[in-house]
Amino acid sequence: MDVSARKRSFQPSRSWIVLTTGLLVLCAAACDPPGKPGPAEIAPENIVDFQTLYGQNCAACHGADGKNGPGRIINDPLYLAVLPRDTLRQIIQYGRPGTSMPAWDQREGGPLSPKQINALVNGIENNWAKPVHFATAFPSYTGQGTTGDSGRGQKLFLRDCFACHGPGARVGTVTGADYVSLVTDQMLRTSIIVGRPDLGMPDYRFLNLGHVLSDQDIADLVAFLSSKRPAGITAMYESAQNRINESQSGQQGGSTGQHVNESGSGQGGVLTKGNEGSGTGPGSPRQQKNEGNKSTGSSSLGGPK
Amino acid sequence: MNTLKRIAVWLDDRLHLTALWASSAGHEVPASSGSWWYVFGSATLLCFVIQVISGACLAFVYIPSTNEAYTSLQYLNHVQFWGWYLRGIHYWGSNFMVAFMSAHMIQVFLFGAYKYPRELTWLSGLFLLLCTLGMAFTGQVMRWDQDAYWGLSIGAAILGRIPLIGGGLVHLVLAGPIIAGETLSRFFTLHVFIIPGLIIAIVGMHLRLVLAKGINEYPRPGHRVRRATYDAEYAEIIRKEGVPFVPQAIDKDLIFSAVTLVLILLFALIVGPKGPHGEPNPTLVDASPRPDFYFLSLFAALALLPDWMETFVMFLGPALAILILIALPFVANTGEKSASRRPAAVLWVILAVLTIVTLAWFGLTSPWSPHMTAWSGDPIPAVYLKGRTPLEMHGALVFQNKQCRNCHALGGVGGERGPALDAVATRLTAPEMVRQVIQGGGNMPAYGKKLTPAEVSALVAFMQTLRPQATPPSQNSAPPENKLPRDVAQILAPTAPSGKHRP
């Protein structure tokens with residue numbers, strides 16, 4: 001075999017090598033091989049995206065979009081108009097001890113940092129709160145200061161709720177001891193004020209066939225339902241809530257928040273959550289901090305610590 | 001030219017390179033050993049070399065501190081040019097090393113190569129296997145992520161089971177009572193200095209023994225090893241059909257090593273490195289951590305076996321296996337080498353491989369750790385809430401809050417540790433459900449004291465609705481007007497039935 005022949009036979013293979021190497025280098029530079037790791041996962045404690053936070057921590061109980069879950073509807077303008085922002089934060093932080101609503105704050109043994117709880121509160125308010133226009137002021141969230149009369153509540157229950165919640169009625173009873181033992185009075189109150197718009201329970205404005213339920217009516221109804229609960233459990237819920245209120249006022253210092261007039265302010269107007277624009281209402285409801293503060297009156301008087 | 005040659009001769013005169021070459025690469029081996037069966041050892045060695053090189057490169061960037069280990073791996077993955085590829089090579093190199101080492105060991109076992117006079121070759125190989133597993137284990141700790149943390153805690157638990165010295169050993173290995181920064185330093189030292197040093201030393205001894213005692217000839221059925229005659233027989237084989245290892249017998253090793261190299265590079269390219277999966281945080285037992293594959297079987301065994309067998313499997317099992325392997329060359333020192341005359345040996349291999357592979361498969365596929373976020377993140381399917389009573393709805397809340405969902409799926413979502421409960425009402429009556437929840441059973445914890453009576457009734461009420469096309473019970477009842485008097489009486493009852501509900 002002469003040299004030139006060998007040379008000729010070599011040429012194509014060399015260009016082959018050059019071509020493949022070139023392609024490989026190009027490929028390496030241009031395309032991402034499948035083995036290349038994707039973007040780094042965000043550590044769970046650094047997530048502050050509302051949808052993610054809500055989806056991972058709340059969706060199971062309060063529904064994928066804040067409604068249609070087994071737990072209280074949150075994605076509801078009326079509810080968010082009634083619920084003061086600070087109270088929302090407090091509920092998330094401390095949960096409702098004794099119920100199926102756990103505490104979420106790390107300091108309470110939960111998984112979320114204060115930053116994440118803020119993100120949740122803001123996300124809930126920004127995404128789901130809308131101005132609600134109604135002729136009279138909303139009932140206060142806690143109804144603190146109004147004492148319910150369970151005898152009257154019983155009559156109201158027969159009048160307003162029985163069609164749906166009487167035994168054998170369409171929805172099912174809410175007067176069974178088992179059910180009432182599982183929820184706090186606040187939860188009952190919230191349910192009466194807001195209803196379950198996602199599931200077909202009207203809110204307090206429509207329960208009495210067009211007559212708005214007064215604060216007193218609501219308190220009476222709650223007192224009636226509450227009387228179905230063994231007294232020990234009610235006491236447990238109350239003392240837990242008191243503990244939360246105390247540690248809150250200890251943390252944030254003092255009950256300087258303005259009390260919303262409990263007995264129905266009677267003022268007409270627009271009450272919206274964070275009502276920067278309207279300014280006509282009595283102002284956003286503030287958190288009630290001095291429930292049961294008799295024992296620790298001093299702590300709730302102190303300024304910010 | 002002449003000067004070069006003189007330098008070469010001078011060097012050879014001082015270093016005896018030609019002699020070294022003749023006695024190592026050039027030594028004569030039985031022609032029958034140039035078989036495809038004999039390639040796994042050299043492939044393992046190649047993997048080790050790859051590990052040393054890629055590991056050294058990684059060490060340029062890796063910072064062995066709890067604060068920075070994770071970040072430096074993230075840096076390699078995302079910032080360093082092709083740093084992820086380096087990690088991929090190191091990861092897959094270790095996988096292949098363990099795999100080929102196992103293949104090598106099986107081959108040696110089946111070919112009776114551990115018998116007289118190669119007992120020490122087998123033993124040194126066994127120690128190499130242990131060292132390699134040690135490298136694999138310490139290596140996955142280097143990742144310092146959830147998986148690492150988890151693997152480490154189980155490893156520590158295994159040690160802790162050893163009677164008497166268990167506690168002290170755990171302290172020694174973790175450099176303290178718990179996993180902490182010192183633990184990482186300790187494992188780093190083990191991973192990059194101590195164990196690799198040991199491996200290099202033992203590999204030297206292993207190869208020296210291979211040269212000194214010769215490579216096992218391809219076994220012939222019916223040809224028994226006898227201590228008195230074997231050495232002479234082997235010398236005869238070498239004399240008759242001996243060929244120099246290089247270049248005659250090495251070709252298959254080279255080809256297989258090349259294939260190995262390409263495979264590692266390809267796997268690193270296509271599958272990539274593992275993790276790191278989330279910074280380790282003992283309070284966040286998120287995700288479902290899984291160990292690297294070589295420990296999957298052990299971990300799966302732990303998860304699948306009942307508690308009382310755990311101590312055995314965790315500690316006695318491995319210890320016994322190692323003892324048997326150490327004793328093997330001395331107990332079965334002579335006799336048949338060929339696998340075709342040793343059915344029991346073949347059975348043992350099949351049994352061991354099957355056990356390990358099935359367990360690993362279980363470990364890979366079976367949901368043996370609960371879904372830690374299902375309870376708060378997986379919504380109850382809407383159909384299971386439609387038309388339910390408030391009590392049943394609240395049962396669903398208890399179901400989530402007590403983390404039943406972490407083990408039980410609904411609508412295909414949720415943990416899979418326990419059975420899906422979509423149709424549980426067709427299987428269990430209410431009292432049976434109560435018993436299951438209160439007493440637990442199988443792999444389900446007993447909830448007894450952790451549930452109030454009201455929670456139990458809500459749970460059971462909810463679960464009783466879980467049947468295909470369930471009809472809400474209240475719909476079957478007559479309209480309220482008809483039974484008003486009795487119902488009114490019931491509803492007006494002043495307090496709840498006493499006794500059953502304690503706070």
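A residue is taken as buried when its relative accessible area is under 20%. In this predicted model, that criterion gives a clear picture of helix 4 of chain B, where Ala69(B), Tyr70(B), Ser72(B), Leu73(B), Gln74(B), Leu76(B) and Asn77(B) are buried. Because seven of the ten residues of this helix, which spans residues 69-78, are buried, helix 4 of chain B is largely enclosed by the rest of the structure. The cover over these buried residues includes helix 3 (40-61), helix 5 (83-110), helix 6 (119-142) and helix 9 (181-213) of chain B.

Turning to chain A, a pair of helices deserves a look. The axes of helix 10 (residues 185-194) and helix 11 (residues 215-226) of chain A come within 9 Å and cross at roughly 135 degrees, so helix 10 of chain A is oblique to helix 11 of chain A. Their crossing is right-handed. On the helix 10 side of chain A, the contact involves Asp185(A), Leu188(A), Arg189(A), Ile192(A) and Ile193(A), which meet Asp215(A), Ile218(A), Ala219(A), Leu221(A), Val222(A), Leu225(A) and Ser226(A) of helix 11 of chain A. The residues of this contact divide into eight nonpolar, one polar and three charged.

The cysteines complete the survey. With a disulfide defined as a pair of cysteine sulfur atoms within 2.5 Å, the count over all chains is zero. Cys164(A) is in no disulfide, and the nearest cysteine sulfur, that of Cys161(A), lies 8.6 Å away. Cys164(A) is partly exposed, with a relative accessible area of 30%. In chain B, the sulfur of Cys404(B) is 8.6 Å from the closest cysteine sulfur, in Cys407(B), and therefore too far for a bond. Cys404(B) is buried, at a relative accessible area of 12%.

Terms used
Residues numbered from 1 in each chain as written. Chains lettered and ligands numbered in written order. Predicted model: local features only at pLDDT ≥ 70, side-chain atom pairs only at ≥ 80, totals over all residues. Heavy atoms only, no water. Buried < 20%, exposed > 50% of the residue type's maximum accessible area, 1.4 Å probe, protein only. Helix = DSSP H or I, 4+ residues; strand = E, 2+ residues; numbered from the N terminus. Contact = heavy atoms within 4.5 Å. Axes fitted to C-alpha atoms, helices over the stretch in contact; angles between N-to-C directions. Parallel < 35°, antiparallel > 145°, perpendicular 65-115°, else oblique. Left-handed = near helix turned anticlockwise from the far one by under 90°. Nonpolar A, V, L, I, M, F, W, Y, C, P; charged D, E, K, R; others polar.
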